[in-house]
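Trainee: I am new to this structure and would be grateful for a close look at a single part of it. Please describe that part and what surrounds it.

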Amino acid sequence: MTFRQRLPYYLVGLFIGVVIVNFVLTKKSSSFDYWPNARVLKNISKKQLIFSEEVSTLFKNKEIDSLQVLQVLKDGDVDMWNKIKIDSCFQYNIEGRNKLKNITVTIKNCDSIATIKKVVVK
């Protein structure tokens, strides 16, 4: 068989394989958290969140909404270059994306508890 005769068989097989893989992965709700940013955000989402007094005051004064802070913690950008190790915990600055670019959250991530230390609205 020549290349021109084998090409349609290859393309049909490739198409069927892509459809099957797509079907399996969409049914499986899998996530690929291999980058450091995604791993930190996933690690924080599994823990109990505690708000500091400063952040609670911002919520009471209605300067910022807690849902906005949680959205930043869900899909923000973690500043990996400025992380600080305090005892057995790490402190991260997480900046919001898209509509929440003006929000920066400082969080202390420990073993079982994550404490939101500060929220800055620019």
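Mentor: Glutamine 91 is found in strand β4, which covers residues 89–95; helices (H or I, at least four residues) and strands (E, at least two) are DSSP runs, numbered from the N terminus. The model is predicted, so local features need pLDDT of at least 70 and side-chain atom pairs count only at pLDDT 80 or more, while totals for chains, interfaces and linings use all residues. Residues are numbered from 1 along each chain as its sequence is written, and side-chain values use heavy atoms, with hydrogens and water left out.

Glutamine 91 has a relative accessible area of 18% and is therefore buried (buried means under 20% relative accessible area, exposed over 50%, partly exposed in between, with a 1.4 Å probe and protein chains only). Leaving aside residues up to four places away in sequence, glutamine 91 touches Asn82, Lys83, Ile84, Ile86, Thr106, Ile107 and Lys108; contact means heavy atoms within 4.5 Å.

Strand β4 also holds cysteine 89, whereas cysteine 110 lies in the loop between β5 (103–109) and β6 (113–121). The torsion about the S-S bond of cysteine 89 and cysteine 110 is about 105 degrees, so the disulfide is right-handed. Cysteine 89 is buried at a relative accessible area of 8%, and cysteine 110 counts as buried at 19%.

Methods: Disulfide = S-S within 2.5 Å.
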